[in-house]
Amino acid sequence: MTTVTSSTRAVDVRDLRKSFDEVEAVRGVSFDVAAGEVFGFLGPNGAGKTTTINMLCTLAKPTGGTALVAGHDIVRARDDVRRHIGLVFQDPTLDGYMTAEQNLRLHAELYGVESALVAPRMRQVLEMVGLWERRKVPVNTFSGGMRRRLEIARGLMHSPRVLFLDEPTIGLDPQTRASIWSYIAQLKESEEITIFMTTHYMDEAEFCDRIAIMDSGKIVALDTPAALKAAVGADRVRIQTDDDASAAAALREAFALESQLADGGVVFFVESGEEFVPRLFAELGQPIRSVSVSRPTLDDVFMSFTGKTIRDAEESGGRSRNRRMMQVMAGGRR
Amino acid sequence: MSAATAAPGEVVRVRVPPRTFRSELRAIKVVWGRELIRFRSDRMRILTSLIQPLLFLFVLGSGLQQLATASTGGVDLKTFIYPGILCMSVMFTAMFSAASIVWDREFGFMREMMVAPVRRSSIVIGKCLGGATVASLQGVILIALAGAVHVPYDPLMILGIFGLQLLLAFSVTAFGIMVAARITQMQSFMAVMQMVVTPMYFLAGAFFPVAALPAWLTVLNRLDPLTYAVDPMRRLVFSQLDISASARRVLDPGVSLWGWRVPAGLEALFVLALGLAMLAIAIVEFSSTE
């Protein structure tokens, strides 16, 4: 906001808005990201994450509010913003006919990187993502994971101060996702860089220093993953019964607990979940087929702020994404 | 940010300098260079875009020769249509070059260029020059065929042809990029280009002398910008031929407007001006997109 703090803030957003015709995709968001932070935007598809990121990257003009990225105004100093940011988009933006090396070289030339530094920098970023040996190969022959890694390398080619990653691991297998996360961790160590990413994978959001949860164009919560989970406080209990609706009613009557029909059962939050289970069986007055108790995940955080799971919010997300979400849930249950 | 504290061999930190005229030139050069890289790696395209001109030149040219001998004054019909074919090959290649901007958008690469800290005009100019270069390189293959249609290999003529091809390729690419700014789908882009370019090509007098045409065709011919590219090309080629004066009058009458024979240099200048105008429009259109 002020000139004093803007030097330590990588991103500074005030009441940013974007409307497309009648639809208000981003409805006034405000937040800031400290230099060196890994900041995550979490939310279902269509929550306005990508629109926000596009505005911060100067790819879309806001219809209201202001934002500074690397100390420069995204509308008035578009080129200055562009000089200081790296971008990895959701959709591939590589030239498949060119080799990895040619793609990076083109990028360096477009960004005006000093000629003498192009080769050493290229080697460094390619080695980081493990593609140095493949540098002479046309990108068309790369797998999806290799392409994403190359995009990350390219985004880093000009030593940006802020790296924007829009769903960097979407559609990748778990192994590749893990390796991409290790690059990001490595980046944090080796480069003076701020990472701004969007995701709707709950488990990935936990790698962030801070997370903003977005729903329907607004930020509904913003804090560290631990603090967000602490805000939910209680354990998450999910029960399956023959009649979930009446089970929910019984919960309200017997224990004064509010519950949600989600995740194929009745989900509610309660202090000391394990100790609660015996009481549940004794007092619910209804047969229970299964019970699971888990520590709250970020999905629960999302649910506690929005009243729905990310999966519900997306309605019809991709099948693989849903499967992934199940794994997350399964992981949380153990 | 603190100064680079990394030890040698550790992190190489680079800096992106503010935009300058030189950095824009560098951007133009790299966008241009990419077109060449892609052209080199796409041998199939070089071959396929040769098929059509070669069919016209050798199959149509040889076939119609049976009918035409009497009226061409002993000049091989292939020789006559050769300048038109020189223009044709360049036009179609340039069209494909411009189409690459549509592919770039479809495959996302456009975005990589659009978010770079350079002017949109640099990208459009680089694209246009790249397309022109690639098309002219393709044209060289056809120049090499001059001997096969009884045209002598005169160094000055070859240079002249190359220059005219470059000019035409530039203008056609500029036209294509201008269209591509508005039309974002490959299929509609190709349809529009075919719809515009094919009639232009037929009207330009690539296959017939432009004097003594029916009135309606004369009007359309003179309105067709491509006429002013084909005509200087034909004059250039015919200047090297040893043919009778009557044959020259019939086959290479030149374009005249209201009885005034337009000089070849002016025709070339007109093609260039048109290309520059379309390039300017393309730049404006690309700069105004988000």
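Four strands of chain A form an open sheet in the order S12-S13-S11-S14, with antiparallel pairing; two strands pair if DSSP finds at least two bridges between them. Helices (H or I, at least four residues) and strands (E, at least two) are DSSP runs, numbered from the N terminus. This is a predicted model: local features need pLDDT of at least 70, side-chain atom pairs count only at pLDDT 80 or more, and totals for chains, interfaces and linings use all residues. Residues are numbered from 1 along each chain as its sequence is written, while chains are lettered from A and ligands numbered from 1 in the order in which they are written.

**Sheet of chain A**

- Strands S12 (259-262) and S14 (288-294) of chain A stand at the edges with a single partner strand each, so one side of each is left without a neighbour in the sheet.
- From one strand to the next, the twist averages 25°.
- S12(A) pairs with S13(A) (residues 265-270) in the antiparallel sense over 4 bridges. Within this pairing, A:Ser259 has A:Phe268 as its bridge partner, and A:Gln260 stands opposite A:Val267.
- The hairpin of S12(A) and S13(A) has 2 residues between the strands, and A:Asp263 takes a positive phi near 60° in this hairpin.
- S11(A) and S13(A) are also antiparallel, paired over 5 bridges. Here A:Asp235 stands opposite A:Val270 of S13(A).
- Strands of a sheet pair through backbone hydrogen bonds, either parallel or antiparallel.

**Helices of chain A**

- Helix H10 (residues 244-255) of chain A lies across S11 (235-241), S12 and S13 of chain A, and runs at about 20° to S13(A). Axes are lines fitted to C-alpha atoms, for helices over the stretch in contact, and angles run from 0 to 180 degrees between N-to-C directions.
- The axes of helix H9 (residues 225-232) and helix H12 (residues 298-306) of chain A come within 9 Å and cross at roughly 55°.
- H9(A) and H12(A) are therefore oblique to each other; angles under 35 degrees count as roughly parallel, over 145 as roughly antiparallel, 65 to 115 as roughly perpendicular and the rest as oblique.
- The crossing of H9(A) past H12(A) is left-handed. A crossing is left-handed if the near helix is turned anticlockwise from the far one by less than a right angle, and right-handed if clockwise.
- H9(A) contributes A:Pro225, A:Leu228, A:Lys229, A:Ala231 and A:Val232 to the contact, and H12(A) contributes A:Leu298, A:Asp300, A:Val301 and A:Ser304. Two residues are in contact if their C-beta atoms, placed from the backbone, lie within 7 Å.
- The contact of H9(A) with H12(A) has 6 nonpolar, 1 polar and 2 charged residues. Ala, Val, Leu, Ile, Met, Phe, Trp, Tyr, Cys and Pro count as nonpolar, Asp, Glu, Lys and Arg as charged, and the others, Gly among them, as polar.

**Interface of chains A and B**

- Contacts link 34 residues of chain A with 27 residues of chain B.
- Helices H3 (78-83), H4 (100-110) and H5 (115-128) of chain A each supply at least two residues of the side of chain A that touches chain B.
- That side of chain A divides into 15 nonpolar, 7 polar and 12 charged residues.

**Chain B overall**

- Chain B has 11 helices and 2 strands, in the sequence pattern α-α-α-α-α-α-α-α-α-α-β-β-α.
- Its C-alpha atoms fill a box of roughly 85 × 35 × 35 Å, taken along the principal axes.
- Of the 290 residues of chain B, 43% count as buried. A residue is buried if 20 or more other C-beta atoms lie within 10 Å of its own, exposed if 12 or fewer, and partly exposed in between, with C-beta atoms placed from the backbone.
- Among contacts in chain B with a separation of 6 or more, 83% are between residues 24 or more positions apart.

**Helices H5 and H6 of chain B**

- H5(B) (residues 120-143) and H6(B) (residues 155-182) pack at an angle of about 140°, with their axes 8 Å apart.
- H5(B) and H6(B) are therefore oblique to each other, and H5(B) passes H6(B) in a right-handed crossing.
- Residues that meet here include B:Val124, B:Gly131 and B:Ala135 in H5(B) and B:Ile158, B:Phe162 and B:Ala169 in H6(B).
- The residues of this contact divide into 13 nonpolar, 5 polar and 1 charged.

**B:Val172**

- B:Val172 lies in helix H6 of chain B and is buried, with 32 other C-beta atoms within 10 Å.
- Leaving aside neighbours within four places in sequence, B:Val172 is in contact with B:Met91, B:Ala94 and B:Met95.
- The C-alpha atoms of B:Val172 and B:Ala98 are separated by 8.3 Å, although the two residues are 74 residues apart along the chain.
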